[in-house]
Amino acid sequence: MRRTPLLHPALALLLAALLTPSSGQATTATDLCAAAANPCTWSGNILVTAGSTLDFGGRDLVITGSGIIRVNGGDTLTIKARRVTLEPGTLGRIRANTAPSAPASAPTINIEVTQDIILQRGPS
């Protein structure tokens with residue numbers, strides 16, 4: 001007797017793609033928001049390309065509690081802005097894009113601001 005699979009493999013791949021958090025790649029600040037947006041508020045999930053400089057000029061960058069900027073191990077990211085704010089949340093962060101089980105060198109993350117770096121805390 002032939003058994004029919006519960007889920008066709010092609011449908012399973014499509015569902016996996018749709019349910020995986022959206023992520024893209026960034027090389028410049030305009031990959032995160034429009035050039036005139038001030039503040040640039042990021043709430044997505046993005047991987048920066050190696051050696052990227054996200055230059056916001058005199059604008060502010062706000063990474064919401066759900067925003068993620070990922071940097072591959074061994075790569076360098078430079079963020080230039082007037083002010084950088086990291087809002088509280090479970091995800092809001094700039095982080096290494098490495099698996100805990102895979103040994104890799106840490107990325108280098110440079111943040112250059114003309115005013116403040118603000119790390120907001122959530123409720124106690």
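**Figure 1. The disulfide of the predicted model.** In this predicted model, the count of disulfides comes to one. The bond joins Cys33 to Cys40, with an S to S distance of 2.1 Å. In general terms, such a link is a covalent bond between the sulfur atoms of two cysteines. The torsion about the S-S bond of Cys33 and Cys40 is about -130°, so the disulfide is left-handed. Both partners, Cys33 and Cys40, are buried. Each of the two cysteines is also touched by Arg59, whose contacts include Cys33 and Cys40.

**Figure 2. Arg59, a buried arginine without a salt bridge.** Arg59 is located in the loop between β4 and β5 (60-63). The residue is buried yet has no salt bridge. Its nearest side chain of opposite charge is that of Asp55, 7.4 Å away; a salt bridge would require a side-chain nitrogen within 4 Å of a carboxyl oxygen. Leaving out residues up to four places away in sequence, Arg59 touches Ala29, Cys33, Ala34, Ala35, Ala36, Ala37, Asn38, Cys40, Ala81, Arg82 and Arg83. Among these are the two cysteines of the disulfide, Cys33 and Cys40.

**Figure 3. The four-stranded open sheet.** Four strands form an open sheet in the order β2-β5-β8-β11, and the pairing is parallel. At the edges stand β2 (40-42) and β11, each of which pairs on one side only. From one strand to the next, the twist averages 10°. Strands β2 and β5 run parallel and are joined by three bridges. Within this pair, Thr41 has Val62 in β5 as its bridge partner.

Figure 4. Leu119 belongs to strand β11, which spans residues 117-119. Is Leu119 buried or exposed? Leu119 is exposed, with a relative accessible area of 63%. Between Leu119 and Glu87 there are 6.6 Å in space, C-alpha to C-alpha, although the two are 32 residues apart in sequence.

**Figure 5. The three-stranded open sheet.** A further open sheet consists of three strands in the order β4-β7-β10, with parallel pairing. Strands β4 (52-55) and β10 (108-113) stand at the edges, each with a single partner strand, so one side of each is left without a neighbour in the sheet. The twist averages 10° from one strand to the next. Six bridges connect β7 with β10, and these two strands run parallel. Thr76 stands opposite Thr108 in β10.

Figure 6. Asp75 is placed in the loop between β6 (68-71) and β7 (76-81). Its relative accessible area is 17%, and Asp75 is therefore buried, since the cut-off for burial is under 20%. Which residues are in contact with Asp75 once its neighbours within four places in sequence are left aside? They are Ala50, Pro107 and Thr108. Of these, Thr108 is also the residue that Thr76 stands opposite in β10. Val48 lies 27 residues from Asp75 in sequence and 9.1 Å from Asp75 in space, C-alpha to C-alpha.

**Figure 7. Strand β3, covered on both faces.** In a regular strand the side chains alternate between the two faces of the sheet. Strand β3 (residues 45-48) has both faces covered. Asn45 and Leu47 are on one side and Ile46 and Val48 on the other, and all are buried. Strand β1 (residues 24-26) pairs with β3 in the parallel sense over three bridges, and Gly24 has Ile46 in β3 as its bridge partner. Three bridges also join β3 to β6, and the two run parallel. In β6, Ile68 is the bridge partner of Asn45.

**Figure 8. Overview of the fold.** The secondary structure of the protein comes to one helix and eleven strands. Of the 124 residues in the protein, 30% are buried. Among contacts with a separation of 6 or more, 60% are accounted for by residues 24 or more positions apart.

Terms used
Residues numbered from 1 in each chain as written. Predicted model: local features only at pLDDT ≥ 70, side-chain atom pairs only at ≥ 80, totals over all residues. Heavy atoms only, no water. Disulfide = S-S within 2.5 Å. Buried < 20%, exposed > 50% of the residue type's maximum accessible area, 1.4 Å probe, protein only. Contact = heavy atoms within 4.5 Å. Pairing = 2+ DSSP bridges. Axes fitted to C-alpha atoms, helices over the stretch in contact; angles between N-to-C directions. Lys, Arg positive; Asp, Glu negative; His and termini not counted.
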